[in-house]
Amino acid sequence: MKTQRSRKEFKRAQRVIPGGVNSPVRAFGSVDQTPRFIARAKGARLWDVDGNEYIDYVGSWGPMILGHADPGVLRALRAAAARGTSFGAPTELETELAELVCKRVPSVERVRMVSSGTEATMSALRLARAATGRARVLKFEGCYHGHADALLVGAGSGVATLGIPGSPGVPAAFTELTLQAPYNDLGAVREAFSRWPGEIACVIVEPIAGNMGMVLPQPGFLGGLRELCDCHGALLILDEVMTGFRVARGGAQSLYDVTPDLTTFGKVVGGGLPAAAYGGRAELMTQMAPEGPVYQAGTLSGNPLAMAAGCETLRRLARSGSYERLGQLTERLSGGLAEAAAEVGVPLSTAHAGGMFGFFFHPGPVDCFADAQKSDTEAFKTFFAAMLDQGIYLAPSPFEAAFVSLAHRPADVEDTLEAARRALRKVARGRAKSR
Ligand SMILES: *Cc1c(COP(=O)(O)O)cnc(C)c1O
């Protein structure tokens, strides 16, 4: 596969952009590859600047659930852009998207739009602290909630990939109030509550973890968190930036029947433009300025282009059969991968929900970050390279989830599985050699 032009562009970018990228995982650092510079995308496909074509399972890390350059989204964007791109004053589109969110997710009675998932979780944390008058927050190892100082502790995603324990530049004093527990470990949460009675404002969790690779909540985990929070007067924040409108119409909270106090959204809610949101019970959300005293603002919040893309995306997802189709494609992929790995004797543990799936080169079960870290990252590297070479674009890290869109066809999935069988044979040969 020709990569000359991507390599040249990467060098050029590195001279003016740190690491040549505007978000770390894009650099392909953990897979020893050159990042592909993308020229254009359509439906389930990407084309790089060298003219290579890929079936895309990154989907801009989640937002592109309708596929790329979707005609309906483009139409909505053109119409909105023609009327002006930002006013810093309220628009009808903002209310429309807020209504769609509240209707889909009953635990959300009021919702505030922001521009990134990072802002959404940061603001939800501020509100939880204000509402409870408490300072400590509890998160889970391997969960990523954006890069706000207080949450950049034991974070997954790029942080896990790069092995940065938190990050320099985050003073210890800023994370002192952030407690951590292993994912799926209710005992550790119970212990934290008894160690810090009356001090924990909230528990924040990815209801399905997708930033340490994909890890499902064990039965009873989310319900147990709900009970512990109620018992100790803390709020439960579900970070559905990845799972919201991705795993089900009502997000992971509808799948697992758990009612959070606050929810954060991002990715799909912006339909590929920069939008995110946080919301919850009216009694909590009305504590935000200007109705209440808790401050949070944004020059481009509720941007009309982003709102237009978000509205079109949520409306289209509401059409009957959308999530069934996403679910079927994802299940076939996930099941096909597991079968193909079993055929060549490569230990692989897979997970899927709605339009999201993940796999670890590990016999499983993978229930927490420590388990995820035991996966065979060399096998992943071999697999990733072989897939990329065959035109299958996966996230360039073993600690990320993969995403299917409504633009993926059953034939794309079969082509992907065919490529995966070849890639897995390569992995099997590599493992045999290294033994
Ligand atoms: C992507 C993500 C974020 C951060 O969102 P950004 O828009 O990248 O700031 C937060 N939480 C979760 C669960 C995410 O997957």
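This is a predicted model: local features need pLDDT of at least 70, side-chain atom pairs count only at pLDDT 80 or more; totals for chains, interfaces and linings use all residues.
Residues are numbered from 1 along each chain as its sequence is written, and side-chain values use heavy atoms, without hydrogens and water.

**Ligand site**
- Polar side-chain atoms of T118 and K267 each lie 2.6 Å from an oxygen atom of the ligand.
- A backbone N or O atom of Y144 lies 3.2 Å from a ligand nitrogen atom.
- Alone, the ligand exposes 380 Å², and the protein buries 83% of that (Shrake-Rupley method, 1.4 Å probe).

**Sheet**
- An open, antiparallel sheet runs in the order β11-β12-β14 (strands are DSSP E runs of at least two residues; a pair needs at least two bridges).
- β11 (349-353) and β14 (402-403) are the edge strands, each with a single partner, so one side of each has no neighbour in the sheet.
- Five bridges join β11 to β12 (residues 356-360) in the antiparallel sense.
- T350 has F359 of β12 as its bridge partner.

**Helix on the sheet**
- Helix α12 (residues 322-343) packs on the sheet and touches β11 and β12 (helices are DSSP H or I runs of at least four residues; contact means heavy atoms within 4.5 Å).
- The direction of α12 makes about 175° with that of β11, on a scale from 0 to 180 degrees between N-to-C directions of axes fitted to C-alpha atoms, for helices over the stretch in contact.

Note on methods:
A polar contact is a pair of N or O atoms within 3.5 Å; within protein, one must be able to donate a hydrogen and the other to accept it, and residues adjacent in sequence count only if both atoms are side-chain atoms.
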